[in-house]
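Reader: Could you walk me through this one? I would like to go through it piece by piece.
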Amino acid sequence: MAQNLYGPRVRIGNWNEDVYLEEEIMKDFLAKRDKGQLLIQRNRRLKENLLRPMQLSVSEDGYIHYGDKVMLVSPDHPETEADLFLRGDLSLCMTPDEIKAHLSNELEVPCGLSAAQTKIPVGRNTFTILCAAGEVIGQVLRYGQNFRLGITGGFDDRMLYLSSDHRTLLKSSKRSWLQEVSLTHEDSYLNCWQAAFPHPQLRLEYEGSPVPANTKILITHCHTNRGLVAHRHLFLRTYFGKEAEVAAHTYLDSHRVEKPKNHWMLVTGVPRKDLSTMLDLPKPPAEDTRALEQVREQASDPGAGDTPDAPSCVPQCALPM
């Protein structure tokens with residue numbers, strides 16, 4: 001039988017070329033590391049920018065103004081068209097492609113969108129209300145008035161705008177095949193949106209009224225007249241996990257009223273340091289709940305009704321059924 005007559009110290013084959021190749025690979029690795037071009041460095045930089053904590057604007061008068069930083073939140077509602085769907089409030093987020101984001105130091109254009117189960121304002125879900133026709137920063141946004149939605153994604157040197165256009169055979173949403181919504185850097189009429197009152201019978205009466213913050217509204221694309229919608233039952237595998245698809249389409253019920261999936265809220269910040277948004281504030285007790293509590297207190301303490309400050313009788317509507 002043939003035996004291996006070479007010792008471990010004997011160099012065979014293209015040993016010299018292999019040594020130089022390893023040295024070149026190490027030099028290339030060190031050069032990319034110094035320039036910050038390694039995939040792990042780009043991945044860390046992208047996450048730091050997209051997940052950077054942001055501060056939302058605080059509305060002192062309860063209305064939305066041009067220049068405010070807000071979150072676009074789809075309120076929680078039961079989905080009747082599917083058994084499996086994302087629950088809770090969903091916020092509109094930018095979702096860059098993972099492969100394209102690693103190949104470049106800048107955000108891809110156009111950039112995708114999705115709806116995620118997060119209520120914390122970060123770089124990927126904080127939008128700025130921008131002017132569309134020469135409005136002044138700080139002016140109150142009104143129903144029927146054009147505005148743009150811009151987002152930086154945590155980057156300081158670039159602004160992307162929420163845009164949409166008619167669907168084609170080559171351009172549509174990924175799951176529903178409806179009108180696509182994306183982020184672009186081009187400043188055009190395709191970036192203009194309008195806010196509308198949800199109730200159709202009161203929509204004309206509210207035309208020109210200030211848009212309240214943290215209240216359900218409709219966001220309609222000016223060019224295509226399609227409403228912004230979050231498909232809770234259509235999932236997307238994104239860079240941050242499972243999220244819902246966002247498109248531009250108006251869903252109407254049998255009474256020609258927009259369905260809850262077309263409802264959005266422009267969520268603002270809160271002055272309290274321990275809370276992030278107005279959605280984190282505890283809801284005040286309802287009036288009927290307060291009346292029931294008073295009835296229970298008087299039932300537990302019969303002598304409380306004899307005091308001059310206590311009411312002599314309880315309203316009929318406040319009695320428990």
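Reader: Which residues are exposed on the other side of H2?
Author: Ile40 and Glu48 are exposed there, where exposed means over 50% relative accessible area, buried under 20% and partly exposed in between, with a 1.4 Å probe and protein chains only. This is a predicted model, in which local features need pLDDT of at least 70, side-chain atom pairs count only at pLDDT 80 or more, and totals for chains, interfaces and linings use all residues. Residues are numbered from 1 along each chain as its sequence is written, and side-chain values use heavy atoms, with hydrogens and water left out.

Reader: And which residues of H2 are buried?
Author: Those are Gln41, Arg42, Leu46, Asn49 and Leu50. Seen down the axis of H2, they fall within an arc of 155° (taken from the directions from the helix axis to the C-beta atoms), so they line one face of the helix.

Reader: What does Asn49 touch?
Author: Leaving aside residues up to four places away in sequence, Asn49 touches Gly123, Gly153, Gly154 and Phe155, contact being heavy atoms within 4.5 Å. Asn49 is buried, with a relative accessible area of 9%.

Reader: Changing topic, which residues make the nonpolar surface patch?
Author: Met26, Phe29 and Leu30 make that patch, of about 260 Å².

Reader: How accessible is Phe29?
Author: Phe29 is partly exposed, at a relative accessible area of 39%.

Technical notes: Helix = DSSP H or I, 4+ residues; strand = E, 2+ residues; numbered from the N terminus. Patch = residues over 30% accessible without salt bridge, like charges linked within 9 Å, V, L, I, M, F, W, Y side chains within 5 Å. Areas by Shrake-Rupley, 256 points an atom, 1.4 Å probe, with all protein chains shown as cover. Salt bridge = Lys/Arg side-chain N within 4 Å of Asp/Glu carboxyl O.
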